[in-house]
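Here are a few notes to read alongside the model.

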2 protein chains.
Amino acid sequence: MEIHSDYSSLATTLRTRRQRLAEKIAFPVILWSGGSSSRNFPANHYPFRASSHFLYFAGLPLKNAAIFLDGGRLELFMDEDSAENALWHGEMPKREEIAQIIGADAAFPLSALPTRATGAATIALQDASTYQQQADILNRSVTPSYTPEGIDRDLAKAIASVRLCHDTGAISELRQAAAVTIEAHKAGMAAAKTAKQEATVRGAMEGVIIAHNLTCAYTSIVTVHGEVLHNNQYHHPIQPGDLLLADVGAETPMGWAADVTRTYPTTGEFSSTQRDLYDLVLVAHDACIDKIRPNVEYQDIHLLAAEVIAQGLVDLGILRGQAADLVAIDAHALFFPHGIGHLLGLDVHDMEDLGDLAGYEEGRERSDRFGLGFLRLNRPLQAGMLVTIEPGFYQVPAILNNPELRSKYQDVVNWDKLAQFSDVRGIRIEDDVLVTTAGGEVLTAGLPTDAQTIEELVKLGGRGIGVNLT
Amino acid sequence: MEIHSDYSSLATTLRTRRQRLAEKIAFPVILWSGGSSSRNFPANHYPFRASSHFLYFAGLPLKNAAIFLDGGRLELFMDEDSAENALWHGEMPKREEIAQIIGADAAFPLSALPTRATGAATIALQDASTYQQQADILNRSVTPSYTPEGIDRDLAKAIASVRLCHDTGAISELRQAAAVTIEAHKAGMAAAKTAKQEATVRGAMEGVIIAHNLTCAYTSIVTVHGEVLHNNQYHHPIQPGDLLLADVGAETPMGWAADVTRTYPTTGEFSSTQRDLYDLVLVAHDACIDKIRPNVEYQDIHLLAAEVIAQGLVDLGILRGQAADLVAIDAHALFFPHGIGHLLGLDVHDMEDLGDLAGYEEGRERSDRFGLGFLRLNRPLQAGMLVTIEPGFYQVPAILNNPELRSKYQDVVNWDKLAQFSDVRGIRIEDDVLVTTAGGEVLTAGLPTDAQTIEELVKLGGRGIGVNLT
């Protein structure tokens with residue numbers, strides 16, 4: 001880990017977070033940061049990513065560390081580096097130095113951690129060796145925090161309520177992630193016109209993120225096959241007339257994420273059918289963002305997107321009927337089969353390690369409706385929440401060729417008309433929107449969405465953008 | 001995984017490998033490919049990397065698959081994709097299609113795997129959930145293969161002997177990894193002159209690797225602090241007079257690696273002290289490569305590097321005495337504290353998951369000498385082995401400020417003279433060399449090593465190189 005920024009306000013930010021947690025629970029807490037995962041052999045590691053819950057309260061991506069929280073008090077548990085480690089990895093900051101930066105009340109070696117175990121709650125980690133350590137030290141089984149009861153679940157609920165709305169420290173990090181993500185997307189647009197393969201565009205985008213010393217918050221999607229929703233292949237050739245969908249987001253060293261999608265014609269010119277559908281998705285995108293303010297139900301924003309898309313498809317002759325009726329029977333989901341977005345913060349799907357505990361208001365559960373089941377967030381919005389807004393239009397073979405769905409929606413889809421739009425496989429437009437009392441503030445507004453500017457950025461081929469990867 | 005290349009010769013290559021293994025063992029084998037590791041929450045994955053032993057015999061990076069090998073026969077065990085998976089990740093190739101590509105004799109769902117468990121040997125995987133699955137299906141504890149005895153160790157020894165020397169299929173992949181790595185390093189040199197931070201150079205280099213749809217074989221080292229041997233920080237500013245050390249290698253989609261280091265002045269001009277030490281490391285590098293041929297002991301190549309470096313430091317007035325005497329007391333290791341290199345193949349430290357079983361000839365063990373203990377390969381070379389040659393000169397504070405070492409080597413180091421070379425913190429020059437009957441073939445020879453050409457590449461700032469990241 002790196003100690004190099006100005007951390008003057010970090011301890012204060014973290015103390016406030018800890019205090020807010022202490023007000024919600026009456027038991028002690030141990031949060032582990034986790035260790036590195038090996039990539040095939042022990043000495044070859046994936047880049048270390050600390051647990052988000054640890055990061056939220058301890059601020060720094062310390063490896064193999066733990067914090068003990070009790071009534072706002074913080075104790076740090078970590079071992080100093082060995083001499084051999086200093087030879088290979090350089091001198092690391094000392095435990096006491098780190099303790100001061102994060103405002104710890106005391107600091108101890110890891111061996112002292114078991115003395116704090118009695119009655120402590122925790123959140124289970126994903127990496128198996130830390131998970132085992134958690135069970136060993138707490139001397140009980142540790143289960144995922146979306147299990148029905150117990151202090152671990154109470155802790156998860158308390159942490160979720162604290163982390164739902166972002167403080168100024170978090171928002172500053174989220175703005176930094178958004179700024180670098182915008183630059184990465186511009187580099188991608190610049191590279192698209194001459195790129196012969198999807199990977200070339202991905203290289204241009206991720207190169208910018210790495211060059212800023214940030215990481216990718218998730219596995220990038222950079223594809224001419226946007227109809228594959230989580231497409232992680234990059235080998236397809238880019239051909240004239242292709243739309244390229246790029247869903248790429250940066251993450252700051254302290255772990256805060258951005259999540260942005262743009263879709264553009266690789267030639268720099270939308271066809272008229274592509275433009276029609278792009279503009280429709282953009283209308284839905286803008287309408288949803290306009291609706292964002294505290295107390296609005298996020299599911300209503302999803303349904304608004306569904307209705308706008310359904311109406312647009314009626315206007316284009318692809319669907320038949322009234323928009324509201326089409327949404328009621330989930331016909332929109334034939335072409336927009338995912339949710340309008342999700343929470344964003346330290347995780348790109350923020351707190352998804354807690355299942356739906358953060359995303360769903362207490363007492364609510366996932367719908368089994370085709371057009372609602374993939375919605376990851378179902379709460380009234382509050383000021384300080386950061387959400388994505390990401391409507392899309394896709395022609396997914398697994399949906400449109402499904403005999404059951406074809407039969408169910410036979411009368412509302414004009415299949416011949418749809419066939420005229422075959423040069424659109426997938427379009428998504430995604431921005432990161434902070435809920436404020438004045439409405440939605442788009443943190444990623446520096447990246448254009450309108451078709452004409454997008455076309456111009458692609459046509460520029462990098463000139464005036466500062467990045468050129470050939 | 002992607003099915004898109006020409007795999008016409010793959011099945012033949014794999015059959016030959018399986019036949020070679022079958023000649024060495026008399027028991028059946030199950031090799032698992034492994035699963036994805038989660039990055040903080042379950043749906044966020046690190047990029048999947050299949051086990052190298054699986055890749056060697058099954059050829060393709062299949063996730064959650066296993067192969068059963070018995071007397072040259074191969075059975076593939078994997079599940080078909082679910083319908084939901086097809087929606088999110090696209091249609092994957094069918095089991096039968098994959099079986100044909102890799103030349104499997106039969107293919108079954110994973111649920112059939114336990115029927116093959118009796119008496120089968122395996123190699124333990126790093127990811128905990130697969131490791132657990134291995135123990136469950138084999139109904140016994142699975143231990144690392146460098147444990148003293150048993151069929152798992154016999155299997156590991158057999159696999160190591162098969163994998164030590166590369167076949168033409170492997171060499172073709174290794175050449176591809178080398179070629180892209182060369183391009184990445186040129187892009188780094190091009191970016192160095194205007195870069196203000198290490199991360200900028202890293203972004204330029206990794207951007208090229210990603211753009212070619214390859215991955216990084218290991219965590220890149222791109223630093224002005226080359227004296228930190230495994231430096232994985234990239235935030236340091238690049239200042240006039242800095243040498244930048246870049247140790248970056250690409251890995252092909254089938255898993256074959258390159259591992260290359262270059263060190264260059266970020267201004268495009270070595271100082272005279274930097275040039276003196278650079279040229280010394282280069283002399284050692286060239287001398288070692290010249291010595292490579294079958295039957296030469298790799299440890300002798302290491303000792304040659306040590307002696308060349310010791311002699312050079314005597315000539316520069318940094319060390320006092322006779323080179324051979326200095327090496328005998330490990331004085332070279334004050335400045336060259338690691339081994340001259342290692343095996344390279346599917347892993348960047350090939351087969352290091354087997355401990356020293358592949359790297360060390362049977363009956364040999366690591367030395368406890370300061371100047372030999374970090375040597376990762378100690379065998380007579382054979383045609384078809386790929387090794388790195390990577391001499392270096394470093395001023396490591398943890399070594400040079402160690403009171404015990406300072407006292408031991410007080411008389412042989414001219415500390416005042418050394419102080420004149422303070423603008424050299426770390427230099428390493430590393431290439432990938434294939435052992436052939438005619439001598440060493442440098443797969444990475446397309447990347448210059450001589451100081452003058454390196455200076456020119458940096459000064460060009462990207463012109464004529466085809467990559468420009470500003």
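**Notes on two helices and a chain contact**

1. In chain A, helix 7 (residues 168-192) and helix 15 (residues 451-460) have axes that come within 6 Å and cross at roughly 65 degrees. Helices here are DSSP runs of H or I with at least four residues, and strands are E runs of at least two, numbered from the N terminus. Axes are lines fitted to C-alpha atoms, for helices over the stretch in contact, with angles from 0 to 180 degrees between N-to-C directions. Helix 7 of chain A contributes A:K186, A:M189, A:A190 and A:A192 to the contact, and helix 15 of chain A contributes A:L457, A:V458 and A:L460. Contact means C-beta atoms, placed from the backbone, within 7 Å.

2. A word on the basis: this is a predicted model, where local features need pLDDT of at least 70 and side-chain atom pairs count only at pLDDT 80 or more, while totals for chains, interfaces and linings use all residues. Residues are numbered from 1 along each chain as its sequence is written, with chains lettered from A and ligands numbered from 1 in the order written.

3. Do have a look at helix 8 (residues 198-211) of chain A, whose 14 residues reach 20 Å from first C-alpha to last. Because 14 of the 14 residues are buried, helix 8 of chain A is largely enclosed by the rest of the structure; buried means 20 or more other C-beta atoms within 10 Å of a residue's own. Just after this helix, A:N213 has a positive phi of about 65 degrees.

Key:
Two residues are in contact if their C-beta atoms, placed from the backbone, lie within 7 Å. The expected span of a helix is 1.5 Å times one less than its number of residues. A residue is buried if 20 or more other C-beta atoms lie within 10 Å of its own, exposed if 12 or fewer, and partly exposed in between; C-beta atoms are placed from the backbone.
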